Amino acid sequence: MATKIKRAVKERRTKRKPCSFCAERAIAVNYRDVGRLKKFVSERGKIVPRRISGNCAKHQRMLTTAVKRARLIAFLPFVSE
Ligand SMILES: [Zn+2]
């Protein structure tokens, strides 16, 4: 019984989205690239987590700093309703 549940979880996780920044071989995430950053921000202005966006750890880290920078200079909203 327990093993059955475990397997179901594993199968769901096997298909990982490739990191879109790695696919482009991006070295850094530019905070001025608002159109790009908007894809990784939810409707309410929150940063989309890695497990959903599919980004790798390295690029997700860069993305969060980029989004935060973009917010400070008002390229992106802190909250939007
Ligand atoms: Zn990456």
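This is a predicted model: local features need pLDDT of at least 70, side-chain atom pairs count only at pLDDT 80 or more; totals for chains, interfaces and linings use all residues.
## Overall fold

The chain is helical: it has five helices and zero strands. From the N terminus, the elements run α-α-α-α-α.

Of the 81 residues, 17% count as buried.

## Nonpolar core

The largest nonpolar core has eleven residues. They are Phe 21, Val 29, Tyr 31, Leu 37, Phe 40, Val 41, Leu 63, Ala 66, Val 67, Ala 70 and Leu 76. Helix 5, residues 57-72, gives the most to this core, with four residues. In soluble globular proteins, nonpolar side chains tend to be buried together.

Val 41 belongs to this core. Neighbours within four places in sequence aside, Val 41 contacts Lys 46, Ile 47, Val 48, Val 67 and Leu 76. Two of these partners, Val 67 and Leu 76, are core members themselves.

Gly 45 sits in the loop between helix 3 (34-38) and helix 4 (50-53). Is Gly 45 buried, exposed or partly exposed? Gly 45 counts as partly exposed because it has 15 C-beta neighbours inside 10 Å; a buried residue needs 20 or more, and an exposed one has 12 or fewer.

Beyond its neighbours within four places in sequence, Gly 45 is in contact with Pro 77, Phe 78, Val 79 and Ser 80. Glu 81 is 36 residues from Gly 45 along the chain, and their C-alpha atoms are separated by 8.6 Å.

Technical notes
Residues are numbered from 1 along each chain as its sequence is written. A nonpolar core is a set of buried Ala, Val, Leu, Ile, Met, Phe, Trp, Tyr and Cys residues joined through C-beta atoms within 7 Å. Helices (H or I, at least four residues) and strands (E, at least two) are DSSP runs, numbered from the N terminus. Two residues are in contact if their C-beta atoms, placed from the backbone, lie within 7 Å.
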